[in-house]
Amino acid sequence: MDFRFSDEQQQLRQEVRQFLEEELKQGLWQPSCDAWIMAYDPQFTKRVSAKGWIGLTWPKEHGGQGRGYIDRLIVTEEMLRYGAPAACHWFADRQIGGAILHYGTEEQKRELLPLILRGEAYVGLGMSEPEAGSDLASLKTKAVEDGDDYIIDGQKVWTSGGSYMNWIYLVARTDPDAVPKHKGISEFFFKADLPGTTVRPIVDITGGVHFNEVFFDGVRVPKTCLIGEKNRGFYQILNQLDYERSGMERLMANYPLFEALIQYSKESKRNGQPLAKEPAVRAKLAQLKIELEVGRLHMYRVALVMDEGRAPNWESSMAKAYGTAFEQRLASTAIEILGLYGQLAPKSKRVPIKGMAYHSYLSSKGYSLQAGTSEILKNILALRKLGLPSQ
Amino acid sequence: MNLTPSEEQEMLKTMAGDFLSDKLPKTAVKEMEESEAGYSPELWREMAELGWMGLALPEKYGGGGMSFLDLAVLLEEMGAACLPGPYFSTVILGGLPIIDIGSDEQKEQYLPRIASGETIFTLALTEASASYHAASVETKASADKDGYIITGTKLFVPDAHVADYMLVVARTDDKAKDEDRISLFIVDSKSQGISHTLLETIANDKLCEVTFDQVKVSKENILGQLNQGWGEVQKIIQRAAVAKCCEMVGCIQKVLDMTIDYAKERKQYDRPIGSFQVIQHYCADMLTDVDGARLATYQAAWMVSEGLPGTQEVAIAKAWTGEACQRVIALAHQIHGAIGCTIDHDLQYYTRRAKAAEVTFGDASFYQEIVAQEMGL
Ligand SMILES: Cc1cc2nc3c(=O)[nH]c(=O)nc-3n(C[C@H](O)[C@H](O)[C@H](O)COP(=O)(O)OP(=O)(O)OC[C@H]3O[C@@H](n4cnc5c(N)ncnc54)[C@H](O)[C@@H]3O)c2cc1C
């Protein structure tokens, strides 16, 4: 057992920090909560790509750095710590590149991986549908073979970044008669602006536009867009989901709020003394810190599992359910500590800490739903890890 | 970074687990709890023969020269087995501080006897205010011509009734600041003026009230530096807190395992209760708490083992583990139903111990405050 990072890893962390500090100094962007999924900044992504921090874990022959998942976790942890606008490349780097490496043909690898490495693939994940949430296998969007193409019809919903995406990762039904239904599903990756595609933004609970409805009306995609095996898509997704759930964004999505809250508590006075001197406030902040640090250990464990070459199946389920619950407590506690000020919206007069508490309290409601609800994750722990009998 | 135990640690774990499940069925735990001594001298001897007392003591004093991290593995197994008796007092509260700050003579005098199981130690620290702050140390050690005279009352002293020696924390002079002028003494328990009474505790362990009435100790029995003892006491508390966490991790891992077994086997409505989703989610929550406690505990144990400054990591481990234990135990009881509320069921041993462990060597509030300080609040 060793909880130390290697010299190389410490150096990597230092490098990422320096890079981000420098960016901040130049005022290139403002730190924000949810920046990993909501702050789209193509230029930032280009600069990250130039650093070699996209595709860090991919093999060198595919343009990656051949580094481990702990290293990637270090990079993403720092991005999140600084609230850096990494949304353009996050999905592609986190799971799409990996999926193509795993399941793609040589040609797909040659064509698509460089795109991701250059930070030019802003990917939307087209999985959920109005009738297919947790029970993803009941999805209806269909892809029908037609000569050298597939023709896609149907609707996706909750597609994060749908208004920005230029590529879409789509899960569709390729065998309507399959029993059980999950055996008739395939995965596709194609440009998001093909004729017949309509994206309609959904205003989310914060009042912002983050997720979208995406309609496919006879969208024609070449067969070369099929990723992996036809009708085996569901097994591929299960594996990808392990990766989707595995990252530090499930613990530190609203980390900038935590830092701002600590700073605020030290500086703001209530009843003649800094807030941070009030025993109740101290205890709350310390408890958050304790929970955060336990969460970091969960996240690092997941990365270690991946570095061992295992899919982090139950470990990532545990980490995600734990981490998102923490993020929600953080947001809620932040409003409690800010008191009456906590209710002020980001653009309001007198709003403290840029309204991060308001934003985060609302946006964090979705954390425990996206990428597998906490209930589904606990099912995984109970059935797959603990071996409890199924219902 | 690497979270995998070493091969030796795996071996130690298996060996200790097997030994304890063989020698320590709950009937034996019960017998020991009910006995006056609170432990079995026979088992104690066997543990000494296995090298457990000296595991983390230097080889030149008859120890095994292993690390605190190795010891952590053993403590986890002891927690899982509900081992009663003065192991913790002797090794964690007696032996390790002597390694840290004992003089060469003191080390030679005491450590080999600890390693061989001949000598039982304990620590007399807490007093009526029942806190781990320096201000609560009121017991006085007044300078006398050839030594010191200790007067005061210590509370919650584990195993004092069987200890051969106690490390006694006392004030050596009127205080300027709370932390100043505290010293540690190695005191022979048979010294004139020492008396003890057993307290009755939730864990059925042996905590004592120990009264020191004009107890004479010689200068040679000062452990560490005169008047500068509080720093070491803090270190003892921190290390003991981590050691407690290790026991607690063993405790809740065992509770989880028992509960999963039960959920698979107990049937209601013609199906195992473990097939009900509510029960499954309770179990998933227990697992998450156990794993979180384990991660935080081993991080802290690793810091202690490496001699790194780990004030925050220790605080996080103890605050988290203490509360995680309570959640795990509560769910275990809920899942077990009424059978878990009987004195004949194994669960009660864990329920009792986990509650005591939560408040021993600092509870969550105590460590939250330390974390707050570390955060610069
Ligand atoms: C902010 C946000 C971003 C998202 N981004 C994307 C995206 O980019 N792409 C995409 O495809 N999807 C996205 N989603 C959708 C997300 O994947 C779904 O919300 C999720 O799969 C749950 O589906 P649902 O919302 O339909 O809820 P439902 O599945 O209807 O669940 C409702 C409730 O029932 C519970 N439940 C359902 N089944 C079970 C069961 N078997 N056992 C116990 N409880 C159960 C759930 O846990 C939940 O509490 C996003 C969602 C959010 C909130």
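**Close-up views of a predicted two-chain model with its ligand**

View 1. An oxygen atom of the ligand is 2.7 Å from a backbone N or O atom of Ser128(A), and an oxygen atom of the ligand is 3.0 Å from a polar backbone atom of Met127(A). Of the 19 residues around the ligand, the ones that come nearest are Ser128(A), Ser134(A), Trp158(A), Thr373(A) and Glu375(A), where a residue is near if one of its heavy atoms lies within 4 Å. The site is shared between chains, because residues from chains A and B surround the ligand.

The model is predicted, so that local features need pLDDT of at least 70 and side-chain atom pairs count only at pLDDT 80 or more, whereas totals for chains, interfaces and linings use all residues. Residues are numbered from 1 along each chain as its sequence is written, chains are lettered from A and ligands numbered from 1 in the order in which they are written, and side-chain values use heavy atoms, with hydrogens and water left out.

View 2. Ile202(A) lies in strand 6 (residues 197-203) of chain A, strands (E, at least two residues) and helices (H or I, at least four) being DSSP runs numbered from the N terminus. Leaving aside neighbours within four places in sequence, Ile202(A) is in contact (heavy atoms within 4.5 Å) with residues including Val157(A), Trp158(A), Gly208(A), Phe211(A) and Asn212(A). The C-alpha atoms of Ile202(A) and Asn212(A) are separated by 5.0 Å, although these residues are 10 residues apart along the chain.

**View 3. Two backbone features in loops of chain A.** The peptide bond from Val179(A) to Pro180(A) is cis, with omega near -10°, and Pro180(A) is found in the loop between strand 4 (167-173) and strand 5 (185-191) of chain A. Asn271(A), which is not a glycine, has a positive phi of about 50°, and its place is in the loop between strand 9 (269-270) and strand 10 (273-274) of chain A.

**View 4. Helix 4 and helix 5 of chain A.** The axes of helix 4 (residues 69-81) and helix 5 (residues 87-103) of chain A come within 13 Å and cross at roughly 160°; axes are lines fitted to C-alpha atoms, for helices over the stretch in contact, and angles run from 0 to 180 degrees between N-to-C directions. Helix 4 and helix 5 of chain A are therefore roughly antiparallel to each other, a term for angles over 145 degrees. Arg72(A), Thr76(A), Met79(A) and Leu80(A) of helix 4 make the contact with Trp90(A), Asp93(A) and Arg94(A) of helix 5.

**View 5. Helix 4 and helix 8 of chain B.** Helix 4 (residues 68-81) and helix 8 (residues 277-306) of chain B pack at an angle of about 145°, with their axes 8 Å apart. Among the residues that meet are Phe68(B) and Val73(B) in helix 4 of chain B and Tyr298(B) and Trp302(B) in helix 8 of chain B.

**View 6. Helix 10 and helix 11 of chain A.** Helix 10 (residues 279-307) and helix 11 (residues 313-338) of chain A pack at an angle of about 160°, with their axes 9 Å apart.

Methods:
Parallel < 35°, antiparallel > 145°, perpendicular 65-115°, else oblique. Polar contact = N/O pair within 3.5 Å; in protein donor to acceptor, adjacent residues only side chain to side chain.
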